[in-house]
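Biologist: Could you walk me through this one? I'd like to start with the loops and then turn to the aromatic rings.
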Amino acid sequence: MAGSRRVTGYGIRFGIHPEKLYNSYMVYNDTEIELRCLQVGQTYYFAVDSFNEGGITRGDVMKEDE
């Protein structure tokens, strides 16, 4: 987006239902993370939000099957 401010970090929300993303991780100074707390065979839903001093941009919920 033209004129947008630089991203400070990302908030990764996840859970086993698309409307219940109760777990989260904050990521600073990187664009990837390895989650080692997930169970094999379980379907998870994720949303990645970006943030900076101007606020938060919410990401869409995505489904990931194991």
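Modeller: Helices (H or I, at least four residues) and strands (E, at least two) are DSSP runs numbered from the N terminus. Residues are numbered from 1 along each chain as its sequence is written, and side-chain values use heavy atoms, with hydrogens and water left out. This is a predicted model, in which local features need pLDDT of at least 70 and side-chain atom pairs count only at pLDDT 80 or more, while totals for chains, interfaces and linings use all residues.

Biologist: OK, where does Asn29 lie?
Modeller: Asn29 lies in the loop between strand E2 (23–28) and strand E3 (44–52), and its phi is near 60°, a positive value in a residue other than glycine. Most residues other than glycine have a negative phi.

Biologist: And is Asn29 buried or exposed?
Modeller: Asn29 is exposed, with a relative accessible area of 79%; buried means under 20%, exposed over 50%, and partly exposed in between, using a 1.4 Å probe and protein chains only. Asp30, in that loop between E2 and E3, is partly exposed at 41%.

Biologist: Switching to the rings, how many aromatic pairs are there?
Modeller: The count comes to four aromatic pairs, where rings of Phe, Tyr and Trp (its six-membered ring) pair if their centres lie within 6.5 Å, and planes under 30 degrees apart count as stacked, over 60 as edge-to-face and the rest as tilted. One of them is Phe14 with Tyr25, stacked at 6.1 Å centre to centre with 10° between the planes.

Biologist: Which residues form the cluster?
Modeller: Phe14, Tyr25, Tyr44 and Phe46 form one aromatic cluster.
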